[in-house]
Amino acid sequence: MSLAGQLLIARPALQDGFFGRSVVLLLQHGDEGAVGLVLNRPAQAKELPFPVFVGGPCKMDGLLMIHGRKEWLDEDEGKMEVCPGVYLGTTDHFEKATETEDAASDHFRVFAGYAGWGPKQLEAEMNQGAWIVRTGDGDTIFETPVNELWETLAPPTLPEPSLN
């Protein structure tokens, strides 16, 4: 079963230097592996008026964009919906984003890099209990403050019993 469009939330026990306390939107998932974007690793790009997120440790040329602006879509672009209310951006969408007055409050994110898993790699990590899967949607992704995203989506942890 494909998990494309779902959110991966790192379990508190995941101590990976990059993925610890991360929230990942899966763009693709299948027999050949998975591709996603880490939603809660903002960085500042000097040449852009808005943050560029570090989408993952895998490098790529150019940038990726997601947005929640249905009015930016042409009729044939509805199929670019990743999950309810979240769309893959195009060059035209990126240009519209750069023209937006208040970029910080707008419903889009731009990413350098991505998270990638080879065949069965993500499934193995999930079997080890590294990730929690939650349904993705535009309200959660764009309305939750970035620095609160993991805390909002991660399940509460049980307090450790006292040994005293």
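Reply: A residue is called buried under 20% relative accessible area, exposed over 50% and partly exposed in between (1.4 Å probe, protein chains only). The model is predicted, with pLDDT of at least 70 required for local features and 80 or more for side-chain atom pairs, while totals for chains, interfaces and linings use all residues. Numbering starts from 1 along each chain, and side-chain values use heavy atoms, without hydrogens or water.

Two salt bridges are counted (Lys or Arg side-chain nitrogen within 4 Å of an Asp or Glu carboxyl oxygen). One joins the side chains of Arg 21 and Glu 151, at 2.4 Å from N to O. Arg 21 belongs to the loop between β1 (6–10) and β2 (23–30), whereas Glu 151 sits in helix α4 (residues 149–153), so this pair ties together parts 130 residues apart in sequence. Both partners are partly exposed: Arg 21 has a relative accessible area of 43%, and Glu 151 has 42%.

The side chains of Glu 71 and Arg 69 form a salt bridge as well, with an N to O distance of 2.4 Å. Here Glu 71 counts as exposed, because its relative accessibility is 52%, but Arg 69 is buried at 18%.

These pairs belong to a chain with four helices and eleven strands (DSSP runs: H or I, at least four residues; E, at least two). Of its 164 residues, 41% are buried. The C-alpha atoms fill a box of roughly 60 × 35 × 25 Å along the principal axes.
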